[in-house]
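Me: I'd like to learn how to read the features of a protein model, one at a time. Could you walk me through this one?

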Amino acid sequence: MVTPLLVLPLVVGGYQDASDFAAAAVVVTAAVEVLAALLLYLHWRLTGGRASWLVLALVAVAVQSLALAGSIVAHPKVVESHPVRLLLSQVLLAAILLAVALLARHHRLRVDPLLAGTVLGGVVVVTRYVLVNYTAPAHLSPTAVNALTAVVLVVDVAIVVAVFTLAVAPRWVRVRLTIALTLLGVGHVAAYPAPRGVVESSVAIFATLLGATTLLTLALALLRSSWSDNRAALETLRSKLEEAEAGARVEQARLHELRATISGLGAASRLLHHESSVSPTHRRKLESMVDAEMGRLQRLLTDGATGPVAPVDIDATIEPIVLRHRTRGYPIRWSPGGDRAIARSDQVAEVVNVLLENAIQHAGGAGASVETRRVDHVIEVVVSDTGPGVSSAVRSRIFEWGARGQGSHGQGIGLNVAQQLIQDLGGYLRLIDSEAPGATFVLGLPAEERS
């Protein structure tokens with residue numbers, strides 16, 4: 001709060017007496033009030049609400065203070081030359097501020113407070129200019145001058161009371177605002193009319209500067225608070241958007257899996273009902289596959305595939321997926337390996353299905369191969385195709401949501417979902433380099449310990 005006092009000597013320069021020093025303090029006060037008004041306006045832009053009336057009042061004060069500071073710079077003796085006229089303009093300003101304080105209790109400001117405050121401050125400036133330049137000199141008795149000063153003091157007190165009892169503002173705001181207005185009121189009463197003695201001038205200097213600085217610290221505190229609130233609101237909004245996006249991705253991934261599975265089930269259903277050449281053994285396998293896949297779809301739709309991990313027969317999990325793709329006419333090479341892993345069968349089935357869909361889509365009629373193997377304490381399922389492979393432009397981000405190569409007809413969803421499912425099981429899914437043509441993906445799962 002002492003910063004403006006340190007700046008004051010740089011502003012007043014060659015001023016000689018205390019009266020001039022007090023008048024020059026108006027220059028520094030005006031600068032502080034303008035800065036406070038701008039900061040408070042930024043706070044209002046961030047939050048809105050009834051701070052608009054406070055912005056309006058502070059802008060009006062800053063505008064007229066800035067104009068008075070300009071007059072002092074141009075004519076350093078203006079305060080001493082026209083004390084009564086300046087005092088009358090202070091009466092008008094005090095009346096405007098009192099009206100604003102009373103209106104703020106029951107009404108919402110419908111216009112931009114910066115514009116409205118500039119207009120009201122301009123009214124005070126124009127009135128003061130007319131009084132100083134176009135009215136006859138007023139020769140008031142000391143009693144009349146003291147009475148006019150008392151009017152300003154009474155109006156200032158009424159403003160302070162109105163602000164302090166303003167229920168719409170937080171208590172800490174009202175307290176700081178009351179202190180600032182009290183100091184500014186004391187400074188105005190001590191400054192007008194001039195000339196004043198050393199004591200009055202000193203009071204005017206410190207009271208106006210401290211009052212303006214209190215307004216500045218209040219504006220900074222409000223702006224900091226609104227900035228913090230807005231950042232918190234943005235963080236909350238971002239979290240909600242991320243949750244919504246995650247939910248949308250889950251639903252999109254589920255729809256992706258449903259489409260692929262239903263397509264195979266449709267082909268199997270047609271074979272079972274319309275192909276008399278299907279052998280009894282193959283028919284039983286188809287019926288078993290349809291039952292298994294329908295059960296998996298039901299669990300997928302009801303979120304029932306999120307239970308604890310348990311020993312899973314990898315062959316029994318993969319076989320329905322392979323058979324379903326073969327039913328659709330795609331050649332899949334696979335032989336049972338007799339391995340068991342710690343996982344959830346539905347998630348393993350979904351990942352293998354994604355990898356086979358991806359292989360079939362890019363390898364066309366060449367089909368794909370599935371191989372299971374045990375590597376130390378890990379069961380690996382290797383899915384490969386003989387297609388064009390994964391381009392170097394996409395390879396580094398192949399598991400990102402929406403990543404797909406040029407010319408791909410996929411959505412870039414399956415591999416991202418597959419990797420998340422495998423990671424959820426404590427395993428891994430990798431795209432590995434291979435000398436053979438095409439792409440080779442390896443998923444690894446913790447193996448069941450052999451007894």
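Reply: Gladly! Let's start with a pair of side chains: H43 and S226 are joined by a polar contact of 3.2 Å. A polar contact is a pair of N or O atoms within 3.5 Å; within protein, one must be able to donate a hydrogen and the other to accept it, and residues adjacent in sequence count only if both atoms are side-chain atoms. Bear in mind that this is a predicted model: local features need pLDDT of at least 70, side-chain atom pairs count only at pLDDT 80 or more, and totals for chains, interfaces and linings use all residues. Residues are numbered from 1 along each chain as its sequence is written, and side-chain values use heavy atoms, with hydrogens and water left out.

Me: Where does H43 lie, and is H43 buried or exposed?

Reply: H43 belongs to helix α2 (residues 18-47). Helices (H or I, at least four residues) and strands (E, at least two) are DSSP runs, numbered from the N terminus. Buried means under 20% relative accessible area, exposed over 50%, and partly exposed in between (1.4 Å probe, protein chains only). H43 has 9% relative accessibility, so H43 counts as buried. Not counting residues up to four places away in sequence, H43 touches G48, A51, L222, L223 and S226, where contact means heavy atoms within 4.5 Å.

Me: Which residues is W172 in contact with, leaving aside its neighbours within four places in sequence?

Reply: They are L218, A221 and L222. W172 lies in helix α8 (residues 171-191) and is partly exposed, at 36% relative accessible area.

Me: Now the sheet. In what order do its 5 strands come?

Reply: First the general idea: strands of a sheet pair through backbone hydrogen bonds, either parallel or antiparallel. Two strands pair if DSSP finds at least two bridges between them. Here the open sheet has the order β2-β4-β5-β7-β6, with mixed pairing. Its edge strands, β2 (332-334) and β6 (428-432), each pair on one side only.

Me: How many bridges join β4 to β5?

Reply: There are 8, between β4 (residues 368-375) and β5 (residues 378-385), which run antiparallel. V370 has V383 as its bridge partner in β5, and R373 stands opposite E380. By contrast in direction, β2 and β4 pair in the parallel sense, over 3 bridges; there W334 has V370 as its partner in β4.

Me: How are the rings of F399 and F441 arranged?

Reply: A pair of aromatic rings is described by the distance of the centres and the angle of the planes. Rings of Phe, Tyr and Trp (its six-membered ring) pair if their centres lie within 6.5 Å; planes under 30 degrees apart count as stacked, over 60 as edge-to-face and the rest as tilted. By this rule the count comes to 2 aromatic pairs. The F399 and F441 centres are 6.1 Å apart with planes at 80°, so this pair is edge-to-face. The pair links distant parts of the chain, 42 residues apart: F399 sits in the loop between α13 (392-395) and α14, and F441 in strand β7. Both F399 and F441 are buried.
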